[in-house]
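Please examine the sequence and the structure shown below. The explanation that follows treats a pair of helices and then the surroundings of a ligand.

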Amino acid sequence: MFTFPNFLIDYPQICTTFSSKQTGRQGFDQFGALTLKAIMPEEKSLTITNDSNNKKTPHVLTVAGSDSGAGAGIQADLKACAARGVYCSTVITAVTAQNTLGVQDVSILSEESVAAQLKSVLSDMRVDVVKTGMLPSITMVKILLDSLKQYPVQALVVDPVMVSTSGDVLAGPSILDTFRKDLLPMADIVTPNLKETSALLGGIQLETISDMRSAAKSLHDMGPRNVLVKGGDLPSSSDAVDIFFNGKDFYELRSSRIQTRNTHGTGCTLASCIAAELAKGSSMLSAVKVAKRYVESVLEYSKSINIGNGAQGPFDHGLKLKRSVCNSSRMQVFEPSDLFLYAVTDSKMNKKWGRSITDAVKAAIEGGATIVQLREKEGETGEFLESAKACVEICRLHNIPLLINDRVDIALACDADGVHVGQSDMPVATVRALVGPDKIIGVSCKTPEQALKAWGDGADYIGSGGVFPTNTKANNRTIGLDGLRDVCLASKIPVVAIGGINLGNAKEVMELGVVNLEGVAVVSAVFDRECVAEETRKLHDLLKESVVEKVMV
Ligand SMILES: Nc1ncnc2c1ncn2[C@@H]1O[C@H](COP(=O)(O)OP(=O)(O)O)[C@@H](O)[C@H]1O
Ligand SMILES: Cc1ncc(COP(=O)(O)O)c(N)n1
Ligand SMILES: [Mg+2]
């Protein structure tokens with residue numbers, strides 16, 4: 001038996017740079033200095049240093065079958081990793097003749113060839129994560145596991161490919177026992193589709209999300225550290241729902257179902273993207289979330305691709321809009337709890353108190369702000385961009401997300417973590433098309449209808465208000481605590497309350513205790529004050545005292 005040095009997965013909460021010397025962990029040396037993403041549960045205030053001399057290129061090795069149509073298999077893996085900015089090497093287990101009609105032929109490579117390919121790559125190329133797809137024989141699984149024993153890697157992502165989306169069999173039932181007994185216990189994550197889940201669990205029926213949850217639990221009992229049951233083919237659901245289970249918590253990962261014929265290779269792409277994110281240093285949950293969003297984005301962008309005459313076409317991993325979706329230095333996926341204390345800057349207030357934007361942001365973070373938005377309605381673009389870049393640097397040092405109000409161009413240019421838009425700004429779907437799957441998008445909503453639309457369009461959170469009257473925004477209709485409650489109850493994404501919130505009324509807002517309400521956003525209460533850090537700290541303390549159990553009604 002062997003164990004994978006699973007440092008990232010065991011410690012997703014710690015973010016700083018560890019060198020192998022500092023960790024002293026066996027098996028970690030081969031990775032050199034790794035930048036690990038990190039959040040400390042209470043204070044998110046760790047410094048991220050970068051040992052650029054020793055920076056290693058993230059590297060995924062895919063062990064899978066070739067697809068001549070290039071929508072799935074090795075070809076999908078190469079394209080997905082390239083799109084995500086990660087190097088990908090390949091061990092080919094079989095050569096399939098495939099097109100958009102189905103699988104016409106399968107030639108399985110010799111076991112000697114597979115063993116030789118594994119040795120060539122693993123002995124020389126410092127692989128971070130191995131991802132498996134089509135493993136057509138029991139001996140090949142054993143060869144792979146033996147190779148990994150000799151050359152341990154950071155994580156193993158197992159896509160237990162058995163049946164293609166077209167319904168063709170790629171690995172027969174005789175492999176099932178080896179998958180269950182030998183491969184799954186070694187996996188950091190296993191990502192079966194519904195048919196594969198059913199086969200692994202002896203042919204059980206999977207018709208509902210609740211069935212998927214029970215199945216994820218049963219698969220977890222077979223030994224993998226994490227399970228993702230993919231629901232791309234769940235007939236009863238109008239959304240594309242996947243169930244993630246880490247042995248403790250279940251996560252229902254839901255996206256809208258894209259109406260397209262171009263879904264060939266979604267499973268391979270998802271698993272490769274998970275592997276790529278892990279290789280970059282993500283925690284498992286973050287990797288899975290980003291991968292799901294990436295698949296959703298490429299399906300959306302590739303709707304118009306027209307290749308082949310069959311029922312299932314491939315998609316464009318590079319996205320139609322060539323953007324630098326993978327170059328962001330942000331390491332962390334948005335968490336609802338980030339909305340706890342949301343500091344929104346205001347150019348007029350900064351001017352009034354003679355503060356630079358950067359000083360305002362530094363002080364808010366010092367006082368405990370958990371997310372920052374630059375809302376600069378006046379001033380020159382060039383100047384704003386320079387301040388925004390400086391704020392991105394400050395926020396990244398503290399692991400605090402930084403969003404830009406309204407200005408998608410500024411957000412892209414300074415590589416901010418996201419954008420916040422109002423109802424009359426650029427539509428959310430267009431913002432998503434421009435900023436890509438990784439960025440956070442927030443939308444201001446006053447009604448349940450707007451909240452549902454925001455979710456459908458791909459927003460990550462809602463800012464709901466004005467809860468109380470405010471001077472910050474002219475002619476802004478106040479929705480009150482009742483309006484806020486209605487939005488929270490209707491919403492499918494986290495909500496932050498905004499509008500006239502201060503030390504005198506923040507408790508009332510939090511004590512609504514309504515589902516989806518994650519925190520408060522403030523402008524004047526912290527920035528129209530002499531000491532921003534102190535006011536922010538007082539508000540932070542008050543919010544902490546006010547946290548109550550959330551209710552559905
Ligand atoms: N039409 C779709 N719209 C959005 N997401 C989809 C769609 N079809 C599949 N997905 C997503 O693609 C990923 C692969 O799922 P699935 O198609 O079930 O696996 P496989 O390709 O292995 O059969 C999952 O995250 C699933 O939710
Ligand atoms: C060589 C190979 N490997 C895997 C798949 C699965 O494809 P999908 O991701 O569409 O289920 C495939 N069709 N061909
Ligand atoms: Mg599929």
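At what angle do helix α16 and helix α17 pack, and how far apart are their axes? The model is predicted, so that local features need pLDDT of at least 70 and side-chain atom pairs count only at pLDDT 80 or more, while totals for chains, interfaces and linings use all residues. Residues are numbered from 1 along each chain as written, chains are lettered from A and ligands numbered from 1 in the order of writing, and side-chain values use heavy atoms, without hydrogens and water.

Two packed helices are described by the angle between their axes and the distance between those axes. Helix α16 (residues 448–456) and helix α17 (residues 480–490) pack at about 35°, and their axes are 8 Å apart. Helices here are DSSP runs (H or I, at least four residues), and strands are runs of E with at least two, numbered from the N terminus. Axes are lines fitted to C-alpha atoms over the stretch in contact, with angles from 0 to 180 degrees between N-to-C directions. P448, A451 and L452 of α16 meet D486, V487 and A490 of α17, where contact means heavy atoms within 4.5 Å.

The second topic is the ligand. Ligand 1 is surrounded by 16 residues, and N193, K230, D242, I258 and G267 are the closest; a residue is near if one of its heavy atoms lies within 4 Å. A polar side-chain atom of K230 lies 2.8 Å from an oxygen atom of ligand 1, and for N193 the corresponding distance is 2.9 Å. A polar backbone atom of G232 is 2.9 Å from an oxygen atom of ligand 1.

Note on methods. A polar contact is a pair of N or O atoms within 3.5 Å; within protein, one must be able to donate a hydrogen and the other to accept it, and residues adjacent in sequence count only if both atoms are side-chain atoms.
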